[in-house]
Amino acid sequence: MRTLHIDLRPWEEQDAPSLAFFANEPLIAKNLRAGFPSPYGLEDAKAYIAFCHQQDPTENLCLAITDDDCAVGSIGVFCRGERKAELGYWLGKPYWGKGIMTKMVIEICDMAFQIFPIDEIFAEPYEWNAASQRVLEKAGFVYSGEKEKSRVYTLGRGRG
């Protein structure tokens, strides 16, 4: 079995084909907000990478999750005012169930607390997305309530 070499890095234009490949999974779209295209094509990937490049680095972190420098997922922290930021993420299906996302969530949250003037990071996985809820709990997030069809999890600067 091949050893995984998972890392975070900024999006690059040459990531578009792998982004389109891994993001074109209906189960990913089902668990993300309505703005996530399904099917997900090369033009969607190019537009997303351009969007990430346009983000203000003093307010948003938008990174590729890579395996051997091939983009296999996405993760971001976006400042939302009131010293809070929102976490969003997805990972290609072949990488599910390996503990990768928990590590990436911990890593990006540590980065966000160092970079941004925030006291709290929150995430809102859909109520049916138990796997994402487990990721957040393993990363130190605490369940803090319901919002529409989602559960709200928060992580404070001091962890949990």
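This note covers the salt bridges and cysteines of a predicted model.

1. Ground rules. Residues are numbered from 1 along each chain as its sequence is written, and side-chain values use heavy atoms, with hydrogens and water left out. In this predicted model local features need pLDDT of at least 70 and side-chain atom pairs count only at pLDDT 80 or more, while totals for chains, interfaces and linings use all residues.

2. Salt bridge count. The structure holds twelve salt bridges. The term means a side-chain nitrogen of Lys or Arg within 4 Å of a carboxyl oxygen of Asp or Glu. Side chains of opposite charge can pair when their charged atoms come close.

3. Arginine 9 and glutamate 12. These two side chains form a salt bridge, at 3.9 Å from N to O. Arginine 9 is buried, at 11% relative accessibility. Glutamate 12 is partly exposed, at 28%. Buried means under 20% relative accessible area, exposed over 50%, and partly exposed in between (1.4 Å probe, protein chains only).

4. Glutamate 124 and arginine 33. Their closest N and O atoms are 3.4 Å apart, in a salt bridge. Glutamate 124 sits in the loop between β5 (120-123) and α5 (130-138), and arginine 33 in the loop between α2 (26-30) and α3 (42-54), so the pair ties together parts that are 91 residues apart in sequence. Helices (H or I, at least four residues) and strands (E, at least two) are DSSP runs, numbered from the N terminus. Glutamate 124 is buried at 18% relative accessibility. Arginine 33 is partly exposed, with a relative accessible area of 47%.

5. Lysine 84 and glutamate 120. This salt bridge has its closest N and O atoms 3.8 Å apart. Lysine 84 belongs to strand β4 (residues 84-91) and glutamate 120 to strand β5, so the pair ties together parts that are 36 residues apart in sequence. Lysine 84 is partly exposed at 32% relative accessibility, and glutamate 120 is partly exposed at 23%.

6. A network. Shared partners link Arg33, Arg80, Glu86, Glu124 and Lys147 into one network of salt bridges.

7. The disulfide. The structure holds one disulfide (a pair of cysteine sulfur atoms within 2.5 Å). Cysteine 52 is joined to cysteine 62, S to S 2.3 Å. Cysteine 52 lies in helix α3 and cysteine 62 in strand β2 (residues 60-67), so the pair ties together parts that are ten residues apart in sequence. Both cysteine 52 and cysteine 62 are buried.

8. Cysteine 109 is in no disulfide either; the nearest cysteine sulfur, that of cysteine 79, is 12 Å away. Cysteine 109 is buried, at 0% relative accessibility.
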